[in-house]
Amino acid sequence: MKKLNSRVIAFAGVLIAMNIILSRVVAINIGSSLRITVSATPIYLAGFWFGPFVGGICGGLSDLLGCLVSGYAPNPLILVSSVLTGVLPGLLKGFVTRKPDIFRFFGVAALHGIVGSLGFATLGLRLYTGMPWAVLYSTRAVQTLLLTAVNSMLVFALYRSPLTGLVTKSMSQMRRKTPETVKR
């Protein structure tokens, strides 16, 4: 786990803000159970860059703050799905970054799609809206497949971009500035 310091907190705050903007402002809402958005991308990146702990916190805080901004009551099952959005990439980072290709990123996003979106979030929406399970699941399956592909491409492109190098460099500079190395 990366050490939680001011830079990690600052990067995490930016990623949370990006998620909220993408999920609440740029999203396309279709009814009460579908939202077309790429808001998972910053949370996936938080997991890959900072590990499962920070990724999970980013996912959870994004959902809670997004509910506050939108006037929704937080749904605990959807919150679990949001936390998993950051935890799973953090746990599977070694698998993905050992040989980073689009299929490995797709695998992480697909795992989250099955467990998080089609599992916890769909169950949470079922209990909240009372929609028939078959209708809810079939529409969310199409949504999850589409968003898994789009998020995978975005995360792959952003992870392979100079942005990851900037984050890594910033974190390594922070580690070198320990109290023993700072001149008084």
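## Close-up views of the helices

View 1. I57 is partly exposed, with a relative accessible area of 37% (buried means under 20%, exposed over 50%, partly exposed in between, with a 1.4 Å probe and protein chains only). This is a predicted model: local features need pLDDT of at least 70, side-chain atom pairs count only at pLDDT 80 or more, and totals for chains, interfaces and linings use all residues. Residues are numbered from 1 along each chain as its sequence is written, and side-chain values use heavy atoms, leaving out hydrogens and water. I57 sits in helix α3 (helices are DSSP runs of H or I, at least four residues, numbered from the N terminus). Find G86 too: it is 29 residues from I57 along the chain, yet their C-alpha atoms are separated by 7.6 Å.

**View 2. Helix α3 from end to end.** α3 has 19 residues. From its first C-alpha to its last it reaches 26 Å, close to the 27 Å expected (1.5 Å times one less than the number of residues). Its buried residues include V54, C58, S62, D63 and C67. Several glycines are buried in α3 as well, among them G55, G56, G59, G60 and G66. The buried residues of α3 pack against α1, α2 and α4 (76–91). After α3 comes G71, with a positive phi near 80 degrees.

**View 3. The largest nonpolar core.** This core has 23 residues (a nonpolar core is a set of buried Ala, Val, Leu, Ile, Met, Phe, Trp, Tyr and Cys residues joined through side-chain atoms within 4.5 Å). Look for F48, W49, F50 and C58, which have the most contacts inside it. At least two core residues come from each of α1 (6–24), α2 (40–50), α3 (52–70), α6, α7 (133–159) and α8 (162–176). The largest share, eight residues, comes from α2. In soluble globular proteins, nonpolar side chains tend to be buried together.

**View 4. T41 on helix α2.** T41 is found in α2. It is buried, with a relative accessible area of 5%. Not counting residues up to four places away in sequence, T41 touches N151, L154, V155 and L158 (contact means heavy atoms within 4.5 Å). T41 and M153 are 112 residues apart in sequence, but 9.5 Å apart in space, C-alpha to C-alpha.

**View 5. The kink in helix α6.** α6 covers residues 102–129, 28 residues in total. Its end C-alpha atoms are only 35 Å apart, short of the 40 Å that a straight helix would reach. A kink of about 35 degrees is centred on G113 (the bend at a residue is the angle between axes fitted to the seven residues ending there and the seven starting there). Just after α6, G130 takes a positive phi of about 75 degrees.

**View 6. I102 on helix α6.** I102 lies in α6. It is partly exposed, with a relative accessible area of 27%. I102 touches S152, M153 and F156, leaving out residues up to four places away in sequence. A149 is 47 residues from I102 in sequence and 9.7 Å from it in space, C-alpha to C-alpha.

**View 7. R104, a buried charge.** R104 also belongs to α6. It is buried yet has no salt bridge (a side-chain nitrogen of Lys or Arg within 4 Å of a carboxyl oxygen of Asp or Glu). The nearest side chain of opposite charge, D101, is 4.1 Å away (Lys and Arg count as positive, Asp and Glu as negative; His and the chain ends are not counted). Leaving aside neighbours within four places in sequence, R104 is in contact with F95, V96, R98 and K99.
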